[in-house]
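Please open the model in your viewer and keep the sequence panel beside it. The stops below are given in an order that can be followed by selecting residues one after another.

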Amino acid sequence: MEGLSRRAKRFTIVATILGTTIVFVDSTVVNVALPSIQNELGGGLAAQQWIVDAYLLTLGSLILVGGSLGDIYGDVRIFTIGVASFGAASALCAAAPDTTALIVCRGLQGVAGALLTPASLAILTSTFSGVERGSAIGTWTAWSGISMVTGPLLGGWLIGVWSWRAIFLINVPVAVATLVLTMREVPRVARGRQGVRVDYPGAALCASGLGLLVLGFIEEPQRGWSDPLVVGAIVLGAALLVGFVLFEARAAQPMLPLRLFSRRNFSVTNLETFAVYGGLAAWSFLLSLFLQQVAGWSPLQAGVATVPVTIVMFLLSRLAGRWSMRVGPRWFMAAGPVLAGVAALALARLPTDPDYATDLLPALVPFAVGLSLTVAPLTTTVLSEAGPSDAGIASGVNNAVARVAGLMAIAVMGVVAAGGSANLTASGYRDAMTLTAALLFAGGAIGAAGIRNPRP
């Protein structure tokens, strides 16, 4: 946007990063708190999966609806409502008296995140143009990735100094600071789109289909594949998702614009996103539980263990994004997931009493390098393939794919990880982490075979 001061632009970036940081941190911070939550509120592996997946379900299925609401009511207004709602839902999570209440409040957190995340990107798209827009979105993307892998460290520290409830309470002052900054410094940007309607039928089909699939996979370890609830939920969920795609193909204003998928790199990148982000979500979920429930580490130890991933991503993400713009993203999007997959295979072989220096660290560093090589080029490819006019919706689609990938990966991994038990077992962890590596390998293969470097 022309005429804005550097101060206004700088604070706009800060506000959008602060707001979305709590969303992305909360997608992983809870992983390290799950054993502590179980100790206080009860519940087995199924409850732990729902605490994670209730958030990802509402976030992933409604994030594109949030984008439509921004178009109708204004991005800054929806961003503000989303931030305030996220702070309130986080306070409710901290006060949850039982597992059921916590799961419901986590779902409310996801709804709030679905409002503020696309609005934050739309604000950046409207505020910046040209090279400035690319730099702003790149900065936002780098911090979102760092937020996800920082979550376990932050959670471990907060649980160590107080309790698991602190991981939700910390969101409240961050939300208040974001609201103050937004109201004082962020310019009100009119999107200028008339006649926009919210795709409520599409949202209902998507959320219902995903919810039923997750229900079926999470309940399978306890009920078995012969149970009518398990089979019925999975079959009906799949049917509703097929109906969702068919409905979106005919809708006048779909929440999922299928026309974008006619572009090769856009389609391939989102397919790779599903594999890579599914692997990343499963990796964080499984490793946090293994280190605490099998290896006997404290929440702080489990959180600190992943610090190298944060450091490497911070140092390499921007460089990887810049290099991929020069030579093309294909090599990065092929080699990065494969390297991360090799590291996940090494993590699958962890002994039940691992030594950090010899067992864990040698696997974490290449995992972090592989992730760094992948994330920034992947996001840049989605945005550049869509073009400036579709940058907001393209990023929204990619974010939705990433969250849904995590949702489904954690639901399915629970079937493998439980091994017939109500809790994570050592053998179940090994099998599930091996499957996680397979997801990452699949992501690399998709990138190698499908991505086309742009012509010079």
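Begin by selecting E40 and R165, whose side chains meet in a salt bridge with 2.7 Å from N to O; the term stands for a side-chain nitrogen of Lys or Arg within 4 Å of a carboxyl oxygen of Asp or Glu. This is a predicted model, in which local features need pLDDT of at least 70 and side-chain atom pairs count only at pLDDT 80 or more, while totals for chains, interfaces and linings use all residues. Residues are numbered from 1 along each chain as its sequence is written, and side-chain values use heavy atoms, with hydrogens and water left out.

E40 lies in helix 2 and R165 in the loop between helix 6 and helix 7 (166–169), so the pair ties together parts that are 125 residues apart in sequence. Helices here are DSSP runs (H or I, at least four residues; strands are E, at least two), numbered from the N terminus. E40 is partly exposed at 44% relative accessibility, whereas R165, at 18%, counts as buried; buried means under 20% relative accessible area, exposed over 50%, and partly exposed in between, with a 1.4 Å probe and protein chains only.

The structure holds 4 salt bridges, and the next one to select is that of R106 with D26, where the closest N and O atoms are 3.9 Å apart. R106 is in helix 5 (residues 99–127) and D26 in the loop between helix 1 (6–25) and helix 2 (34–41), so that this pair, too, links distant parts of the chain, 80 residues apart. Both ends are buried, R106 at 0% relative accessibility and D26 with a relative accessible area of 0%.

Move on to helix 9 (residues 200–223), where R223 and E219 lie 4 residues apart, about one turn of the helix. Their side chains meet in a salt bridge of 3.2 Å, N to O, and salt bridges that share partners join E219, R223 and D227 into one network.

For the aromatic residues, select Y55 and F86. Why is this pair edge-to-face? The ring centres are 6.3 Å apart and the planes stand at 80°, and the rule pairs rings of Phe, Tyr and Trp (its six-membered ring) if their centres lie within 6.5 Å, with planes under 30 degrees apart counted as stacked, over 60 as edge-to-face and the rest as tilted. Y55 belongs to helix 3 (residues 45–73) and F86 to helix 4 (residues 75–94), 31 residues apart, and both residues are buried.

W331 and F332 form another edge-to-face pair, 5.3 Å centre to centre with 90° between the planes. W331 is exposed at 55% relative accessibility, while F332 is buried with a relative accessible area of 5%. F332 is also among the buried residues of helix 14, which include M333, G336 and P337.

Finally, select helix 11 (residues 264–294), which has 31 residues and reaches 43 Å from its first C-alpha to its last, close to the 45 Å expected at 1.5 Å a residue; the expected span is 1.5 Å times one less than the number of residues. Of its 31 residues, 25 are buried, so helix 11 is largely enclosed by the rest of the structure. Within helix 11 is A275, which counts as buried at 6% relative accessibility. The helix is followed by G296, whose phi is positive, near 80°.
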